[in-house]
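Here's a quick tour of a fold and its pockets. Have the model open while you read.

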Amino acid sequence: MGGELNGKVGLVVGVANKRSIAWGIAQAWHQAGATLAFTYQGERVKENVKQLAAGIGQDNLLLPCDVTKDEELDQVFKEVEQQYGKLDILLHAIAFAPKDALEGEFVDTTREAFNVAHDVSAYSLVALTQRAAPLMKDGGSVVAMTYYGSEKVVPHYNVMGVAKASLEASARYLAYDLGPKKIRVNCISAGPVNTLAARGISGFSNMLKHYESQAPLKRNVTSDELGATATFLASDGAAAITGQTIYVDSGYQIMGM
Ligand code: NAP
């Protein structure tokens, strides 16, 4: 174990299966010494998350949480407080937009698709952080996953790009509000990773090939690398870093053409 997160309690939101970015980060946080609680959305993935969590050999707290339901959010933090008495680190690794909205053109986005994408993918960071903050009694670190489609047009990413822009801006405003309490809020902007959510984006396999050919490092990122960055951001080594979007994308973001 690295030990950078020894004694810290973390809440991981966004594990669906072993390919989930949240699972890569949870393993890294566990190896660094953190005690982890997990949420899952609905019975469909409960067993998956339960088995994965058991595999890292802890008696992890496992709680249902659909981030669009305030009562489930309240219950999660109530149980974290009862079990651990505090929270130090929080991972937000969730996003959703209806499939139709990730296919054709952005101009056709419906009000409903716009609202649901923003509610699940962006407001959820505010909803989670406002409940986490009172438990972060000695300060804390919130890490949220984002993507470059927030700032540049990535065909088919559509409304999710707009929701990620909102997520990143929300992280900055949260960082400002919570800075005096030593609570830091940062985003990791990941290059494409082959997960369930990613496969919902039309043309996703071309994105992987495009990064391989165009990024300075000429390869895609691994979930271990995302885990290492998230561990750094969660650790006291990043104590003066807040409100930032950190690119873990093989350098793709620096390219002009
Ligand atoms: P993933 O494994 O499919 O994870 C997405 C998670 O969001 C799932 O656990 C999903 O749960 C959860 N979720 C969706 N709606 C929810 C709701 N209403 N309440 C609670 N949870 C909900 O895909 P992933 O790629 O690891 O995505 C994790 C994060 O990384 C997302 O924010 C994504 O935008 C970001 N990201 C991904 C990539 C990539 O290329 N994969 C790149 C950059 C950033 P269910 O499956 O049960 O619905």
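Helices (H or I, at least four residues) and strands (E, at least two) are DSSP runs, numbered from the N terminus. This is a predicted model: local features need pLDDT of at least 70, side-chain atom pairs count only at pLDDT 80 or more, and totals for chains, interfaces and linings use all residues. Residues are numbered from 1 along each chain as its sequence is written, and side-chain values use heavy atoms, with hydrogens and water left out.

**The sheet**
- Seven strands make an open sheet, ordered S3-S2-S1-S4-S5-S6-S7, with parallel pairing; two strands pair if DSSP finds at least two bridges between them.
- S3 (61–64) and S7 (245–248) sit at the edges with a single partner strand each, so one side of each has no neighbour in the sheet.
- S2 and S3 are joined by four bridges, and threonine 39 has leucine 63 in S3 as its bridge partner.

**The largest pocket**
- A pocket is an open set of points on a 1 Å grid over the protein atoms alone, where a 1.4 Å probe fits, with protein on both sides within 12 Å along at least five of seven lines; lining residues have an atom within 4 Å of a point.
- The largest pocket holds about 1,200 Å³ of space, a volume being the space filled by probe spheres set on the points, which are joined across faces, edges and corners.
- Its lining has 45 residues, and Ala93, Ile94, Ala95, Phe96 and Ala197 are the closest to the centre.
- H6 gives the largest share of that lining, three residues.
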